[in-house]
Amino acid sequence: METIILAIVIAVVVVAAASGLVVTTRRRKSLPKPPSQSGQPGTLAPPRETREPQVGEDAAVPRDTPTRTVQDVDLPTAGAPAPEAPEVAEGPDLVVPSPEAAAEVPALEVPEPTAGRLVRLRSRLSRSQNALGKGLLALLARDHLDEDTWEEIEETLLLADVGVAPTQELVEALRTRVKVLGTRTPAELRGLLREELITLLGDYDRTLRTARHTEEDPARPAVVMVVGVNGTGKTTTSGKLARVLIADGRSVVLGAADTFRAAAADQLQTWGERVGARTVRGPEGGDPASVAFDAVKEGIAEGADTVLIDTAGRLHTKTGLMDELGKVKRVVEKHGKVDEVLLVLDATTGQNGLVQARVFAEVVDITGIVLTKLDGTAKGGIVIQVQRQLGVPVKLIGLGEGADDLAPFEPGAFVDALLGD
């Protein structure tokens, strides 16, 4: 039995050895020969160098492409005629500008005349018209004017920013006139209210003193300073005022004394270039008094009628900035007296605008007020209140964003616009 088991084990070992020999032989036959750089069998080739692709390799000329040497290139001979230029078909829309036309300066704008400008812009006061004029006419037209009605009239005036004292005066005057009048037709009521509102607006001298001082030796231009807090539209107002003056036949020099706000001088210069007014400017962050002084100096040299100085916006609560504004005015007056100091007020600020105005009046002696944004949510009564508080007339009002939407203030035309047709 042991002999049989030993024979089986020996047979298994022999079979396994034979199988391993066969597998090894097959593997050796299937392995490829390694490539040889030198062409000799059995020599291993060095590893191929890998590198990143370089700029322009995709566009490189393949090596198999035939190349030409310098000798193969045909060079032009001396005296040979030059090749003719290809003809270009000229279409009807093809226009080639001449050098003179390319260098031509764009035509200057012609501002609209200032006379009657407020009459043309009366539609811009529609909000004030509805809040003040038509509201009062509707209340006064009631059959019976009792105390409740007079309180509504008073409330309407206060909501229209007329102010407490002017409101009381107007209500008392209307009470008296209505009692004397007796019957009240719409035309009579309109005339009555028109007279009382014009009386409230006051009889101020609203003339802009912008004429050249020819009586002095040497003659010098009139100087106008534009002041106000940030965001009221001083630079835009200065540009529009330049258009007003040029429309009235004045020659204007602009002084960009707002050296703090970025692009303020560029903005003013753009306004001036549109109507032919030169702008004197200094470095950004420079001394505004120096710029204002140089502007007046240039105005004298050019024989201009008016020098218009735009100043930087400043909060009325900042004492240092307000003192600097006073310095600008004192430096300019080395050339002569400043003729106009115009305070630009945002008509939508209401009572806050009056506080600002009082502080500015103490520093630079304001001669006139420019009320902007009267075409917006502002009420027309602010005109009455600001004049009563400061004792200074409103000389100009802004009624829109257009270039010619700054109008000289005319009390009669203003009240007519408030009351409507």
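## The cis peptide bond

Pro-218 is located in the loop that runs between α7 (186–201) and β1 (222–227). In this predicted model, the peptide bond between Asp-217 and Pro-218 is cis, with an omega of about 0°.

## Residues with positive phi

Asp-161 is a residue other than glycine, yet its phi is positive, near 65°. The loop between α5 (147–159) and α6 (164–181) holds Asp-161. The relative accessible area of Asp-161 is 24%, so the residue counts as partly exposed, a class that lies between the buried limit of under 20% and the exposed limit of over 50%.

Lys-373 is not a glycine either, and its phi is positive, at about 65°. Lys-373 is placed in the loop between β6 (368–372) and α13 (382–390). With a relative accessibility of 36%, Lys-373 is partly exposed.

## The aromatic pair

When the whole structure is searched, one aromatic pair is found. The pair consists of Phe-409 and Phe-414, whose ring centres are 5.0 Å apart. The planes of the two rings stand at 55°, and the pair is therefore tilted. The reasoning rests on two cut-offs: planes under 30 degrees apart would count as stacked, and planes over 60 as edge-to-face.

Are the two partners buried or exposed? Phe-409 has a relative accessible area of 4% and is buried. Phe-414, at 1% relative accessibility, is buried as well.

## A charge over a ring

A further contact of an aromatic ring involves Trp-271 and Arg-274. Arg-274 lies over the face of Trp-271, and its distance from the ring centre is 5.0 Å.

Which residues make the nonpolar surface patch? Ile-4, Ile-8 and Val-12 form it, and its area is about 300 Å².

Ile-4, one of the residues of this patch, belongs to helix α1, which covers residues 2–30. The relative accessibility of Ile-4 is 52%, and Ile-4 therefore counts as exposed, since the limit for that class is over 50%.

Conventions:
Residues numbered from 1 in each chain as written. Predicted model: local features only at pLDDT ≥ 70, side-chain atom pairs only at ≥ 80, totals over all residues. Heavy atoms only, no water. Phe/Tyr/Trp six-rings, centres within 6.5 Å; stacked < 30°, edge-to-face > 60°. Buried < 20%, exposed > 50% of the residue type's maximum accessible area, 1.4 Å probe, protein only. Lys NZ or Arg CZ within 6 Å of the ring centre and 35° of its normal. Helix = DSSP H or I, 4+ residues; strand = E, 2+ residues; numbered from the N terminus. Patch = residues over 30% accessible without salt bridge, like charges linked within 9 Å, V, L, I, M, F, W, Y side chains within 5 Å. Areas by Shrake-Rupley, 256 points an atom, 1.4 Å probe, with all protein chains shown as cover. Salt bridge = Lys/Arg side-chain N within 4 Å of Asp/Glu carboxyl O.
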